[in-house]
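Hello,

Here is the structure I promised to pass on. My notes follow below it.

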Amino acid sequence: MSKPNYPPEFETQVRQAMEVPEPKSETLDALREQFIARGISSLKADLQPDPAPNPFRPEKESNKMNRKLFRFSPRLAWGVALLILASLLVIAFSSPNVVTALRRLLGYVPGVGVVEQSPSLRMLSEPVTVTRESVTLTIDQAVLTNEKTVVVYSYVTPLYDSDDGFFMDGPFGSPALVLPDGTRLEIITGRQVSTMDCSECGDIRYAMEFAPIPADVHEATLEIPNLVGLQNGLTPLDWEINLKFAPADPSTIIPVIEYQPTVTPVSVTSASTTQIPETYGATLVLDKSASLPDGYILYGNITWTDPIIPPYGLNATLAGIKDANGNDIPFEYADEEAYPKQGELRGYWAYKIPQMNFSAPLTLSFAVNAWVTLMDSPSFTFDPGPNPQLGQKWEINQDVVVMDEVVHVLSAEQAGIEEGFFMFTMQSDSNIVGANIIDLQHPPMGGGGGGGGVPVVKLPFFVGFGYQVPVPTGPLTMTFQSVNVLLPGDWSVTWSPAAP
């Protein structure tokens, strides 16, 4: 028997039907009482006395009683049906297993990430390997959905001299998928992906996203002008590989569990004058997880409502994971596989934890920091002198009031390998952990701030600014444009693996 071919709108309707909030227990009780009352009312209305007996056809009393008890009108049938439907709804929405199963519409594909599972999902029929001039290129994965096409390749190259070493950069040409009718689908985005789950993959593994391929097209030619990550001339150019697609094998897709986000407001208990208490309407949630052969990947996001924090201006960095017994759980970064829409105040995060014994639930604790644009222009002065030298240092020791808190500007150094770039060391007793500065009188060559990793309050942080050479004559006025604030509160989520 052939598989049913569901139209795309069928899945959309099913998904919309399932994406409803959990019913409240009071609502279910009220509905159950109404259905029972209506069923009983219908039953009473339909148990009417028998019409007058026919004197010419005497009937036994037992037959009369049976006929009275088993006369079901359409109205009574509807009442019974409603009672059965109500019972099924109560059972379904009261069972966590049923609710979870209804939500399992996503799957995880290694090297590609989370995809929607649907009858239209297709994958590469088999990996394709091509060798040219000692370079082996493998197309090990392709996933076709109604929204996009993702193709993943890896390669193995001979060892090169250190002067010709690897470097990660975008392709020098634009990869494309060419359909049999000549239609070209140009690359939309590309990203390096991990090789840890692919023992046969080579030195670099790269995923490319294209527009969706029509459902009636079952093959395409992948054109790669130059392999990503290598200089021109180190590998052959202009690769062309024929790819064939087939319906996805469900056994190759790892189920992904989606969670109904439970938002717990973050309370700020400290009223200290050395802490900026604002949280900018931020909300942290864990929304799905995937169980892999070697561990788990946890996905989540953080949103905020205050427009003073621009898109990409707020970050959630995992500071640590502990199990129910307080033991530290190791973790590593994973690909978020999602990006905010233009102008959206949202950031995504993903982390992988290894397969190991632990006591659930796990608690993931985050450090949340936000870049806040300043409405005023606090500043400090700095005089590098007439002939500043590379590596030269200056003591500044000035206090600047920023957002009603004090930032100590401690020192400066002409750092780097070229003249004109100055690195300033700062520190604050508040939750300010970074800054951006500018000299409004002189155009910059570059700047920077922060220090990477998990931000920690009251520790020194570094802020850079670069001048065009020659460096202007001092004294110079440096103005704060924005500061990085570590948001107060308990930013954590809990997670337990699904029961086998």
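In which strand is the place of Ala316? Ala316 sits in strand 16, residues 314–322. Strands here are DSSP runs (E, at least two residues), numbered from the N terminus.

A word on the source. This is a predicted model, where local features need pLDDT of at least 70, side-chain atom pairs count only at pLDDT 80 or more, and totals for chains, interfaces and linings use all residues. Residues are numbered from 1 along each chain as its sequence is written, and side-chain values use heavy atoms, with hydrogens and water left out.

Back to Ala316. Ala316 counts as buried because its relative accessibility is 14%. Buried means under 20% relative accessible area, exposed over 50%, and partly exposed in between (1.4 Å probe, protein chains only). Beyond four places in sequence, Ala316 has contacts (heavy atoms within 4.5 Å) that include Leu284, Trp349 and Phe366.

Phe366 also belongs to the largest nonpolar core, which has 55 residues. Such a core is a set of buried Ala, Val, Leu, Ile, Met, Phe, Trp, Tyr and Cys residues joined through side-chain atoms within 4.5 Å. Its largest share, six residues, comes from strand 19 (362–373). A second, separate core of 27 residues includes Trp239.

Now the loops. Pro361 lies between strand 18 (346–354) and strand 19. The peptide bond from Ala360 to Pro361 is cis, with omega near 5 degrees. Tyr312 is in the loop between strand 15 (295–303) and strand 16. Tyr312 is not a glycine, yet has a positive phi of about 65 degrees. Tyr312 counts as exposed, at 58% relative accessibility.

Best wishes

Terms used
Helices (H or I, at least four residues) and strands (E, at least two) are DSSP runs, numbered from the N terminus.
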